[in-house]
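Q: I'm new to this one and I'd like a close look at a single part. Could you take me through it slowly and then show me where it sits in the whole?

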Amino acid sequence: AESPGAALDFARIARVFLSAGNSEWQQGQFRPALVIFVLAERAARIAGERDHLAIAIMNRGIALSNLGRLEEAVAAYGESIAIYRELVQQEHRQELRNDLARAIVNRGNALQNLGRLEEAVAAYGESGAIYRELVEKEHRQELRNDLAMAIMNRGSARWSLGQLEEAVAAYGESIAIYRELVEKEHRQELRNDLAIAIMNRGSARLSLGQLEEAVAAYGESIAI
């Protein structure tokens, strides 16, 4: 006799749980979202849908981060990255490189919040390299914001490590991208990110004793 679960479409169930988890997460319901993402993960594992499995695990990591469970989040991101890396590098699922970069940058964020700054710098560097290839070589212009954010976060980690010159350079690169998006393409929703990048560069310049440049940066940031 056919088992009761044999007729279930676990791939579809995984997608339904992912959607439901995202809905809870967007409403700030992180604990219910976490439970639902775990269910999505189980369904995807049964279905053998590794791309859905990777995103379910990554989303579990995001929910764990929101709940302050950072060590668990880092572990979840690592598991997700391992699956994405295998899909991209061994199975040539090139369309998943953006997801791989996103998982890596999320891991970097959790590492930075844990004070594991050298590891965070490395994570932001790797995710930035992936985004840079997608943007500059494959003209995935919609990912420029993600590239700018990865670079800015790398600058913040370097600033926390006392690597001030490198931080200033990173902030400068992210500012250039954000400025183009905001001023030339009228992406007004990114003005806050541009302002933060400018203010961060001002803080790094202040730490370097570059007072005039710092004051100018703070002034520009406030004006935005």
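Is the crossing of H8 and H9 left-handed or right-handed?

A: The crossing of H8 and H9 is left-handed; that is, the near helix is turned anticlockwise from the far one by less than a right angle, whereas clockwise would be right-handed. Before going on, a word on what you're looking at: this is a predicted model, so local features need pLDDT of at least 70 and side-chain atom pairs count only at pLDDT 80 or more, while totals for chains, interfaces and linings use all residues. Residues are numbered from 1 along each chain as its sequence is written, and side-chain values use heavy atoms, with hydrogens and water left out.

Now to the pair itself. H8 covers residues 164-184 and H9 covers residues 191-207. (Helices are DSSP runs of H or I with at least four residues, strands are runs of E with at least two, and numbering starts at the N terminus.) H8 and H9 pack at an angle of about 155°, and their axes are 9 Å apart. (Axes are lines fitted to C-alpha atoms, for helices over the stretch in contact, and angles run from 0 to 180 degrees between N-to-C directions.) That angle makes H8 roughly antiparallel to H9. (Under 35 degrees counts as roughly parallel, over 145 as roughly antiparallel, 65 to 115 as roughly perpendicular, and the rest as oblique.)

Who does the touching? On the H8 side, the residues include Leu164, Val168, Tyr171, Ile175 and Tyr178. On the H9 side, Leu194, Ala197, Ile198 and Arg201 are among them. (Contact means heavy atoms within 4.5 Å.) Sorted by class, the contact of H8 with H9 has 11 nonpolar, 4 polar and 5 charged residues. (Ala, Val, Leu, Ile, Met, Phe, Trp, Tyr, Cys and Pro count as nonpolar, Asp, Glu, Lys and Arg as charged, and the others, Gly among them, as polar.)

The loop between H8 and H9 holds His186. His186 has a positive phi of about 60° although it is not a glycine. For background, most residues other than glycine have a negative phi. His186 counts as exposed because its relative accessibility is 57%. (Buried means under 20% relative accessible area, exposed over 50%, and partly exposed in between, using a 1.4 Å probe and protein chains only.) Another histidine to look up is His139, in the loop between H6 and helix H7 (144-160). The phi of His139 is near 60°, again positive in a residue other than glycine, and at 58% relative accessibility His139 counts as exposed.

Helix H5 (residues 97-113) and H6 pack at an angle of about 160°, with their axes 8 Å apart, so they are roughly antiparallel to each other. H5 passes H6 in a left-handed crossing. Residues of H5 such as Leu100, Ala101, Ile104 and Val105 meet residues of H6 including Ala123, Tyr124, Ser127 and Ile130. By class, this contact has 12 nonpolar, 5 polar and 6 charged residues.

Ser127 lies in H6, which runs over residues 117-137, and at 0% relative accessibility Ser127 counts as buried. Leaving aside residues up to four places away in sequence, Ser127 touches Ala101, Ile104, Val105 and Ala150.

Then there are H3 (residues 50-66) and H4 (residues 70-89), which pack at an angle of about 160° with their axes 8 Å apart. That makes H3 roughly antiparallel to H4, and H3 passes H4 in a left-handed crossing. Among the residues that meet are Leu53, Ile57 and Met58 in H3, and Ala76, Tyr77 and Ile83 in H4. By class, the contact of H3 with H4 has 14 nonpolar, 3 polar and 6 charged residues.

Finally, zoom out. The protein chain has 10 helices and 0 strands, and its C-alpha atoms fill a box of roughly 80 × 35 × 30 Å along the principal axes. Of its 224 residues, 43% count as buried. Among contacts with a separation of 6 or more, 53% come from residues 24 or more positions apart.
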